[in-house]
Amino acid sequence: MTTLQNGHSKKPLDVAIVGGGLVGSLEALYLAKRGHRVRLYEYREDIRKTPQARGRSINLALSIRGRRALKDVGLEAHMIEQHGIPMVGRMIHRLDGSTYDIPYDARTNQCIYSVGRNYLNSLLLKESENYHNVERSFNHKLIEANLKKGSLTFLNTATKEEVNINADLIIGADGAFSAVRKAMMKQPLFDYSQKYIEHGYLELCIPADESGGFQMPASYLHIWPRGTFMMIALPNQDCSWTVTLFMPFENFKELDTEEKLIDFFEKYFPDSIPLIGRKRLIEDFFSGSPSPLVAVKCRPYNVDDKALIIGDAAHAVVPFYGQGMNAGFEDCTLLDQLFQKYNDNLADILTEFSSSRWRDTYAISDLAMYNYIEMRDLVTRPSYRLRKAFDDL
Ligand code: FAD
């Protein structure tokens, strides 16, 4: 018997979390704080020991939903004050290189923060080491699941051994291509849809200037909207910028020589060439390939009182609303509230989460799809700027 956070003496639950990404490692902290035993299984190596992999957004916009969750686990102040770079609005780059800004919130000065994905994930994992009731297993890939029985089989990719475990509760936080969700799809009445958009994304980099400072005003999310495609840039701690080009795959394919690439950038993003550097632009562009973007909607998120999916596993969204991670973090906050409300009774918690959460995640998914059109196109229209000016009065 252990005294749980709610003050009741109760046997702690044995929870297995699949996926030690942003959402899984945050959920581990929430559950550990409540006194439950948490085993966290992650397919990759411990990211704290590996260099940043290219191609998966290096930085992310952290907003109020995500901040709330970080506050609950005691990490908000650290992330915001020591690591986050405030972005107070969008800085729009016109074709001629001139810029103008659109504040996010001219009335109360709220802003979003650019944070490093690896830094945040590492911080959450490191924090979990402060809890004796969290075990972390890296290089563990989920290969089979019997969710009704609460049993999982992992392949230890380092030793090639299979590892079988049982848990009171399985939480799938294993991302957009979730293996836990795949197992859930065998359940009757499980709704599922996925949509790949025709655009892919490729990451480039604007380095720090010669004196180690930012080459563009840092407190903005920079956007080069070009109608059917766009480029954005978010600031990094080392004064570089992660630049992301979103464009239809067929347009990426057309840029198959250095000459075509430079012509394209001279035509559409001329002011970015001296910032990125011609040589680096060519190197970075041709050393990567565009990644696809998928949105997933599904429900219910649970199987009985045994299994639940959260984060991208439950609701992957396209990134244009900057809410994927934030919504996943909010899942953890809401779950924690349900653990309190139902005194750790899994049947009630999972049923309510499933029946109430999907409406908001479906809405965020739709808003994210809409915001792509806004970011790449509508934001440049005079009517948009006029409306925004009135909104801000
Ligand atoms: P993931 O981050 O995908 O983590 C899942 C983890 O599960 C991974 O570590 C993976 O290795 C592991 N895993 C997978 N399969 C298995 C398996 N079989 N067994 C064990 N482990 C497994 N969101 C924002 O809020 N703001 C932004 O600004 C933003 N920008 C983005 C920009 C881009 C270009 C993209 C693509 C996404 C962006 N997002 C943003 C969305 C954000 O990246 C995701 O919502 C977030 O990473 C979801 O976290 P997660 O932990 O649910 O999934």
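Visitor: How is the chain divided?
Guide: In this predicted model, the chain is divided into domain 1, made of 2–82, 114–194 and 294–378, and domain 2, covering 196–292.

Visitor: How far apart are the C-alpha centres of the two domains?
Guide: The C-alpha centres of domain 1 and domain 2 lie 31 Å apart. Their contact takes 13 residues from domain 1 and 20 residues from domain 2.

Visitor: Which elements supply the side of domain 1 that touches domain 2?
Guide: At least two residues each come from strand S5 (59–62), strand S9 (112–116) and helix H12 (346–376). By class, that side of domain 1 has five nonpolar, five polar and three charged residues.

Visitor: Turning to the ligand, how many residues surround it, and which are the closest?
Guide: The ligand is surrounded by 32 residues, and the closest are Gly 19, Gly 21, Gly 175, Gly 311 and Gly 324. Helix H1 (22–33), S5, strand S11 (140–146), helix H10 (312–315) and helix H11 (324–341) are the elements that give two or more residues to this shell.

Visitor: Which element gives the largest share of that shell?
Guide: H11 does, with four residues.

Visitor: And what is the make-up of the shell by class?
Guide: The shell around the ligand has 14 nonpolar, 13 polar and five charged residues.

Visitor: Now the open sheet: what is the strand order?
Guide: Its six strands run in the order S10-S4-S3-S14-S21-S20, with mixed pairing. Strand S10 (134–137) and strand S20 (302–303) stand at the edges with a single partner strand each, so one side of each has no neighbour in the sheet.

Visitor: In what sense do S14 and S21 pair, parallel or antiparallel?
Guide: Strand S14 (residues 169–172) and strand S21 (residues 307–309) pair in the parallel sense, over three bridges.

Visitor: What holds paired strands together in general?
Guide: Strands of a sheet pair through backbone hydrogen bonds, in either a parallel or an antiparallel arrangement.

Visitor: One more topic: at what angle do helices H7 and H9 cross?
Guide: The axes of helix H7 (residues 258–268) and helix H9 (residues 278–287) cross at roughly 115° and come within 11 Å. The crossing of H7 past H9 is right-handed.

Visitor: Which residues meet there?
Guide: From H7, Glu 258, Leu 261, Ile 262 and Phe 265 meet Arg 278, Leu 281, Ile 282 and Phe 285 of H9. By class, the residues of this contact are six nonpolar, no polar and two charged.

Key. Residues numbered from 1 in each chain as written. Predicted model: local features only at pLDDT ≥ 70, side-chain atom pairs only at ≥ 80, totals over all residues. Domains from an automatic or database assignment. Contact = placed C-beta atoms within 7 Å. Nonpolar A, V, L, I, M, F, W, Y, C, P; charged D, E, K, R; others polar. Near = placed C-beta within 6 Å. Pairing = 2+ DSSP bridges. Axes fitted to C-alpha atoms, helices over the stretch in contact; angles between N-to-C directions. Left-handed = near helix turned anticlockwise from the far one by under 90°.
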